[in-house]
Each structure stands twice: as structure tokens, then as C-alpha cells.
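Let's walk through this one together, starting at the ligand and then moving out to where the chains touch.

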Amino acid sequence: MEKLYVHPLPVRIWHWINAAGFIVLILTGIQLRYADLFHVLPFPVTVRAHNWVGFTLIVNYFLWLLFYLFTDKIKVYHPELDPAKHFRNTLRQLQYYGYGIFKGDPNPHHVSLYHKFNPLQSVAYQVIMILLVPIQFYTGLLLWDLERFGGSVALFGGVRVVDTVHVSLFVFFIAFIFVHPYLASLGHTWSAHFKAMLTGYEEVD
Amino acid sequence: MALRLLFAVILVAAAGSARAADPSEALPEESKPCLACHSAEGAPKVDAAAFASSVHLALGCTGCHAGVDLAKHPAAKPERVNCAGCHADATKHYEASIHAAQRAKGNETAPACATCHTPHEVSAAAVGEGLKDACLGCHAAAADTHKKWLPNAAKHLEVVACAACHAPAVQRKVDLRLYDGGGQKRVSEDLVPGFAERVRALDKQGQGLDPAQLRNLLDHLAQEGKVAQPLLIGRIEIRNGAESHHLAGKATALRDCQRCHSAGAEPFQSVTVSVQGADGKTLRFEAQKEVLSSPISVDSVRAFYAIGGTRISLLDVLLALALLAGVSAPLVHLALRKLLRKKQG
Ligand code: HEM
């Protein structure tokens, strides 16, 4: 077994702040929307908690973004430029999760310094981090102060549209928060990737 | 008292249709001598044009200032105006308010009828921001003190009538006001002739506009093109306007967010759609409360949404499904892995 340093410190710091923040946002978000069903904290406290954790994650997001923009680590997100090959790799990865894994086949993806993600991860993480998460932050920011951002709210289509987008993505993140750790548990041992996300080192053959 | 109001209503209604292009032309005859002096130097001035566009136009000056004998006036001063004679209901609630209590204690800075409703320019209560500005004129600090405990305070003061929180016993409702050009200006009946007929044609059963009918109405307005980008902006108001006067001390004010921000909250059980009538009054049309929570309304009611209270039910279903899928997909996958591996030995 060889050890590869795949998750640099800034990414790990970003990741665990983000993960903890998301969990708090999901819990407080559920209370805000379903105050009649879940009533843990007083409503105004929930609003403030949701807002401040949201701001923390927005700042934290830039840690991730700037790190990748200003280091050569961004290569881990470089797309496979040959579409046929990319498609083939994605299919193989899907096939593995949906079939091969049950037979005990080996994971078709091999981690290396600049290839820490399999093609599914690479695409999914990019869509999430460059599209979904920023939209979630932006709509959250607008809802925080509807008066100050009145012009932007109107451009977006009105407060109900802003909220509907915010909640729709929320729905997605709720599913994500269960599926993502599960997928992360499919390393050579269940805890391998979690350890890697903590220490930075992934063990490879 | 009731007879006097009935008479006055008939007068106002008759004048409403006969309103002339130059508003001061429409003044009743017996008002003209009054204005001859009261729009010139040397006598306290009354803005004739503003009065002519007020709800009280048809009453004329003498409707309120009864018993002015022109032979003896101005030496003989008219009596103080008594609004109560015609507005018993509003007066009853005002008398029970903190303002009336303060005046009774001799606090002359607390408002009487004519302090909030500038007497010669009384417009229909639900028009514009005039009345809210009157409150803030005396309670200037309120804009800031609410911020201390109320997030989005400026927005709340804009979309929730002060009395909806400060007259705690009232019943509330949502009025969806029709605006022009992305919320610039309220739409008046003149701009959309036949609006009332169209609403009635859509709402055949008279049960209030349902979400599809409301969308239909807005689509039609947009197609017609007279209203550039029709927009409904919601506002929480008092079902019975007269009860807005029943203002109480701050200790009893509505502070519990969940009175609005939770499913089935009382303010969202009654909904109207309104345009400004040609006579300055507000024309309201009933809508079904589902217009606040139907997926069809995401566009038509796009400028009104209160978290928790007006949530879209379809998203609740999606959320439950996402939760179910998120939990069960990993579990099923895990179970299959264990099972199938065991079989292979
Ligand atoms: C909902 C909030 C979360 C988001 C948006 C998120 C997003 C991500 C992203 C983008 C990466 C790739 C990191 C990189 O760019 O280098 C990653 C990796 C990882 N995440 Fe998360 N994550 C979240 C929550 C969690 C949670 C709650 C856990 C575990 C309990 C977790 C465990 C991991 C692990 C182990 C990795 C390592 C890479 C892998 O094999 O997938 N994440 N996550």
C-alpha cells in the first residue's frame, strides 16, 4: 500500500466546515419551513442561525474556489476532453456501482495524484459546486434581506420564485446528504475515504 | 345616525359617476361660497383640488361643518367636526384604542380621527402608504425598534399593516394588489375597463378565483398590453377595516412569528385581489386561499411569499420523496451488496 496526498489541507478544512454547516442548514431549514411540525428552537433564533451559518458557508466556499483557481490541483476537475472516452468511463463507473460491486469486481477507477475523482464524482461535484451551491447561496442571500435586495429579487422573478428555487435545491441537498457519505464509504474499507478526507492521504495499491 | 350615513352614501355614489375632468367643478353648489374665501388669502386655506378627489367630495363642506351661517361666519366659529355620526363602527373601535385612552388622559399628542386621516384629503383607507406614513410620522423610531427582534423588518412594515400586529384581536387577510410595470404603480380601474366583468366571468360559481382562473386573468391582462407586466403584491390587512382602529399597547402586539409563518396560519385563510376604483375606493374580488399555495401560482403570485405560511404543497411531496430516496437508496444498495456477496461465498 502506498500513500498519496490527495486532499490538501485547505480542501479538508473547507470540506468539514461545509459538511457541518450543511447539516445545520438542513435542520434549521426544515424547522423554518415546517415550524408547525418541528419546533426545536424559537423561530427568530432559527432564522438567525440559518442566516449566520449560511454566511459562514459563503465565505468558506471561497476557500474552496480560490484554492482550486490558484493551484494546479484544479486538474483533478479537468474534464476528459474525448467525449467518447468520458462516456465510456462514466458508463463503466455506473456499471460498477449498479452491478460489478455486487459481484466483488474491482473499482474501475484508480486514484492517482491528479485523478482523485472517478468520472461520476468529477462531473457531479462540478455541477454541485459551480452551479447548485452558488445558486443556493444567492437565493439565500436574497431572502435574508428582501428590502435591500429588492431589485435583484424582482429580476429573479419575485420572492416566491426565489424561495421555490431555494427549496427545490434544498430538496436535492437532502437526498445528497445521505447518498454522498454512502458513496464515500465504498472505498477498499468503509472508512478509507473518510480517513483520507481527515488526514489528506489516500491509500492506493 | 344611520339615516344620515345612508343619505351621504347615496350622495357619494351619485357624484362618483358624475365626476368631471376638472375635479373642483364637481364640488357641490353649497361648497362654492366656502371655497371662495377658503382658497384665497385671508382665510385658512383648504386645497380644493385635493378635496375634490377625496372620498368626501359629495358631502361638500357642510356635510362635516354643519350649521355654518354665512351671515355670521367667520365671527361665529363652526362646531368641531364629528366623524362619529357617519362612522360609528370605526369610532367604536377607535374609542377602545390606546390613542383614545391617551387623549382621554389629556395627552393631546395622541391622534384623533383627523390626525391620521387628513380631513380634507381623506382617501380610501387602503390606498397608498399615506396612513402608514401617518403612523411613522409620530412613531419615527418604530422603523428601527422593530429591527431589534424582527428580521427583514423593513419588508414586514411594508407588507404587514401596522394594525395586523397592533390590533391583536382582529381577523386578518391577504390583499393581492395589482401593480403595473414590475411594482411601480397600482393599477386603477380606468386602465383596465371591464376588469370586474372579467373576474365575474372567470369565477362563475362565485366561490372566488381559483389558482388557474387567477393565472388566466393575469395572462389576459398581459396580452391586452395596457398593463405592462401585471404584478400582484400581497399585503396582510384587517378583514374589517374599522377594526384597524383597535390599537392596543405594545405588550399585546403580535410577536409570535408562527401566527404567520406556519401552515394554515390565520392571515392566509382569506384572500382578495384588488384594483383601485375610479372613485378612489378599492375594488376587491374574492380569491380562494389556494392561490397562495398552488404550484400554478408560482408565477401569478410571484411577489408574495411568507415562509412556512404560504408554502407550495407540491414541494412538500418532493421533499418527502427525496428524503425517502436518500435514506432508502443507500440502505437497499448496502443490503444487496451483503446479500449477493454472501451468496458468492
Ligand atoms: C452537503 C454538504 C456536502 C457537500 C456539498 C460535499 C461536497 C463534497 C465535494 C465537492 C467533495 C470533493 C472535494 C474536493 O473538491 O476535493 C467531497 C468529498 C468528500 N466528502 Fe463531502 N460534501 C458534503 C458533506 C459530506 C458529509 C456529511 C460527509 C461525511 C459524513 C462527506 C464526506 C466526504 C468524503 C469522505 C469525501 C472524499 C471524496 C470522496 O471519496 O467522495 N461529505 N464532498
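Look at A:Y68 first: one of its polar side-chain atoms sits 2.6 Å from an oxygen atom of the ligand. A:K116 likewise has a polar side-chain atom 2.6 Å from a ligand oxygen, and so does A:Y125, again at 2.6 Å. The elements of chain A that put two or more residues into the shell around the ligand are helix 1 (9-33), helix 2 (43-70), helix 4 (119-144), helix 6 (159-184) and helix 7 (192-199). Helices here are DSSP runs of H or I with at least four residues, numbered from the N terminus. Helix 1 of chain A gives the most to this shell, with seven residues.

Before going on, some ground rules: this is a predicted model, where local features need pLDDT of at least 70 and side-chain atom pairs count only at pLDDT 80 or more, while totals for chains, interfaces and linings use all residues. Residues are numbered from 1 along each chain as its sequence is written, chains are lettered from A and ligands numbered from 1 in the order in which they are written, and side-chain values use heavy atoms, with hydrogens and water left out.

In total, 24 residues surround the ligand, counting a residue if one of its heavy atoms lies within 4 Å. The closest are A:H15, A:Y68, A:K116, A:Y125 and A:H180. By class, the shell splits into 17 nonpolar, six polar and one charged; Ala, Val, Leu, Ile, Met, Phe, Trp, Tyr, Cys and Pro count as nonpolar, Asp, Glu, Lys and Arg as charged, and the others, Gly among them, as polar.

Now for the interface. Chain B brings 44 residues to the contact and chain A brings 37, with contact meaning heavy atoms within 4.5 Å. Together the two chains bury about 3,600 Å², 62% of it on carbon and sulfur atoms; buried area is the accessible area (1.4 Å probe) that two parts lose on being put together, summed over both. B:Y305, B:L315 and B:L319 supply 17% of what chain B buries against chain A, more than any other three residues.

Two salt bridges cross this interface, each a side-chain nitrogen of Lys or Arg within 4 Å of a carboxyl oxygen of Asp or Glu. The side chains of A:R33 and B:D316 meet in a salt bridge, at 2.8 Å from N to O. Helix 15 of chain B (313-344) is one of the elements supplying at least two residues to the side that touches chain A, and helix 15 gives the most, with 16 residues.

Key:
Polar contact = N/O pair within 3.5 Å; in protein donor to acceptor, adjacent residues only side chain to side chain.
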